[in-house]
Amino acid sequence: MEEMHSMEEMHSADESMAPDWMKDPLVKDIPQKKLQFLGRLFAEGHGKSQKEMMAFVVPMMKKAKQENLTLTPQEMNAAISAIKRHSSREELAQIDKILEKNRQGDQPTIPHGTENH
């Protein structure tokens with residue numbers, strides 16, 4: 001029983017230490033596991049250059065995919081909006097650069113020979 005009480009305290013502490021964007025109404029419907037992943041991605045990527053950020057994000061996204069932790073476009077847009085709402089000007093500029101770079105590199109490629117299923 002003591003262990004259960006400690007877990008509840010930890011959850012409560014985690015919730016109170018969560019960044020403001022994670023408490024935003026925009027992300028209330030996103031599962032906690034996905035929010036934690038995004039929080040880690042955002043926290044660990046904070047302050048990195050665009051090149052460093054891309055080198056960091058790609059392996060993280062692959063790991064998320066392996067763990068079946070994918071975000072719907074709606075979840076991603078809600079999270080980005082919430083993060084932007086709670087970011088400084090410098091953070092907003094970095095987010096916009098990363099998103100622009102992602103849009104440019106987000107052209108789906110079809111391996112040769114798989115055009116027709």
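Lys51, Ala55, Lys62, Lys65 and Gln66 are the exposed residues on one side of helix α3 in this predicted model. Across from them, the buried residues of α3 are Met53, Phe56, Val57, Met60 and Ala64. Looking down the axis of α3, you will find these buried residues within an arc of 100°, so they line one face of the helix.

As for its length, α3 has 17 residues and spans 24 Å from its first C-alpha to its last, close to the 24 Å expected at 1.5 Å a residue.

Setting aside neighbours within four places in sequence, Phe37 is in contact with Met60, Met61, Ala64 and Leu69. Phe37 also belongs to the largest nonpolar core, which has 23 residues; Trp21, Phe37 and Leu41 have the most contacts inside it. Helices α2, α3, α4 and α5 each supply at least two residues of this core.

**An aromatic pair**

How many aromatic pairs does the count come to? The count comes to one. Its rings belong to Trp21 and Phe42, and with centres 6.3 Å apart and planes at 75°, the pair is edge-to-face, because planes over 60 degrees apart count that way. The pair links distant parts of the chain, 21 residues apart: Trp21 sits in the loop between α1 and α2, and Phe42 in helix α2. The two partners can be set side by side:

| Residue | Relative accessibility | Class |
|---|---|---|
| Trp21 | 3% | buried |
| Phe42 | 24% | partly exposed |

The mean pLDDT of the chain is 75, with 74% of its residues reaching 70 or more. Confidence is highest in helix α4 (residues 73–85), at a mean of 91, and lowest in helix α1 (residues 2–17), at 45. Residues 1–13 have pLDDT below 50, and beyond near neighbours in sequence this stretch makes zero contacts in the model. Residues 107–117 are also below 50, with one contact beyond near neighbours in sequence. Where pLDDT is low, the predicted coordinates should not be read in detail.

Technical notes:
Residues numbered from 1 in each chain as written. Predicted model: local features only at pLDDT ≥ 70, side-chain atom pairs only at ≥ 80, totals over all residues. Heavy atoms only, no water. pLDDT = per-residue confidence, 0-100. Helix = DSSP H or I, 4+ residues; strand = E, 2+ residues; numbered from the N terminus. Contact = heavy atoms within 4.5 Å. Phe/Tyr/Trp six-rings, centres within 6.5 Å; stacked < 30°, edge-to-face > 60°. Buried < 20%, exposed > 50% of the residue type's maximum accessible area, 1.4 Å probe, protein only. Core = buried A, V, L, I, M, F, W, Y, C linked by side-chain atoms within 4.5 Å. Expected span 1.5 Å × (residues − 1). Arc of directions from axis to C-beta.
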